[in-house]
Amino acid sequence: MNVWLVRGNHEDKQMNRRYGFSDHCEERLGREYGRKTFCLMQKAFDLLPLACLIDSRCLVVHGGIGDGRWTLHDVLDVKRPLSSDAVYASENKWIFNILWSDPIEEDAIS
């Protein structure tokens, strides 16, 4: 059995600061070790793949495919570590969409 982790919208330095992960690290581990732990976690998050392909048939991404104007080769070509700044860069809107395109009720097929 294999387990693969894929990057999502919360594996992001800005999100982790905004929603308290950095504060939590410092509260639990103290200022010095908390900051080190936070930085190490962010480095790990920056290395996570954006997607995985299961049995060459099932594509797994955190959010969704966004506008779908990308290919599997585009995903394979993404250089890691992928920083938060790179995710938010205008030329990487497709990457941002992979992380943030959560399904909504209006997307449901009846």
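Modeller: A strand here is a DSSP run of E with at least two residues, numbered from the N terminus. This is a predicted model, and Leu-53 is found in one such run, strand β1, residues 51-54.

Biologist: Is Leu-53 buried, exposed or partly exposed?

Modeller: Leu-53 counts as partly exposed, because its relative accessibility is 44% and that class lies between under 20% for buried and over 50% for exposed.

Biologist: Changing topic. How many helices and strands are there, and in what order do they run?

Modeller: The chain has 5 helices and 2 strands. From the N terminus, the order is α-α-β-β-α-α-α.

Biologist: What box do the C-alpha atoms fill?

Modeller: Roughly 50 × 35 × 30 Å, taken along the principal axes. As for contacts between residues at least 6 apart in sequence, 66% join residues at least 24 apart.

Biologist: What is the mean pLDDT of the chain?

Modeller: The mean is 92, and 96% of the residues reach 70 or more.

Biologist: Which elements have the lowest and highest mean pLDDT?

Modeller: Helix α5, residues 93-100, has the lowest at 92. The highest, 97, belongs to helix α2, residues 21-47.

Notes. Residues numbered from 1 in each chain as written. Predicted model: local features only at pLDDT ≥ 70, side-chain atom pairs only at ≥ 80, totals over all residues. Heavy atoms only, no water. Helix = DSSP H or I, 4+ residues; strand = E, 2+ residues; numbered from the N terminus. Buried < 20%, exposed > 50% of the residue type's maximum accessible area, 1.4 Å probe, protein only. pLDDT = per-residue confidence, 0-100. Contact = heavy atoms within 4.5 Å.
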